Amino acid sequence: MIIVTTPNQLSLLSKLTLVFRNEFSAFRAGSYPAHLTALLEVDLRRMARECGLREEIIQFSRSGRIPGTSRHYPRLLSRLAPRAFSDNVLMAARKA
């Protein structure tokens, strides 16, 4: 089994940062070399399939920072819409 985590580029924070600063929040100039390439959920699935992995499971951290603050979203929002309100995404897959 392989497990991969990456910043969630589809979160509200990441999308707003892209619109207002022209870069994704986890890939800002000061964060290099922590993350090199922005990946989406669909990219993780494609890479898994190209490597012969199956049974991909996608999970979201359900913890996300409110844009412009150091505070996090209430748990209820993260449960209702984890893709929008999670800072990270995880994919688990196994060899077929």
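The residues lining the largest cavity divide into six nonpolar, two polar and two charged. Here nonpolar covers Ala, Val, Leu, Ile, Met, Phe, Trp, Tyr, Cys and Pro, charged covers Asp, Glu, Lys and Arg, and polar covers the others, Gly among them. This is a predicted model, where local features need pLDDT of at least 70, side-chain atom pairs count only at pLDDT 80 or more, and totals for chains, interfaces and linings use all residues. Residues are numbered from 1 along each chain as its sequence is written, and side-chain values use heavy atoms, with hydrogens and water left out.

Back to the cavity. A cavity is a set of points on a 1 Å grid over the protein atoms alone where a 1.4 Å probe fits but cannot get out, and lining residues have an atom within 4 Å of a point. The lining includes P7, L10, F60, R83 and V89. The volume is about 40 Å³, meaning the space filled by probe spheres set on the points, which are joined across faces, edges and corners.

Next, the core. Which residues make up the largest nonpolar core? They are L44, A48, L53, I58, F60, V89, M91 and A93. Such a core is a set of buried Ala, Val, Leu, Ile, Met, Phe, Trp, Tyr and Cys residues joined through side-chain atoms within 4.5 Å; buried means under 20% relative accessible area, exposed over 50%, and partly exposed in between, with a 1.4 Å probe and protein chains only.

Last, the backbone. N22 is not a glycine, yet has a positive phi of about 65°. N22 is exposed, at 68% relative accessible area. E55 also has a positive phi, near 55°, and is exposed at 56%.

Definitions and conventions. 1 Å grid on protein atoms, 1.4 Å probe; cavity = no way out; pocket = protein on both sides within 12 Å on 5 of 7 lines; lining within 4 Å.
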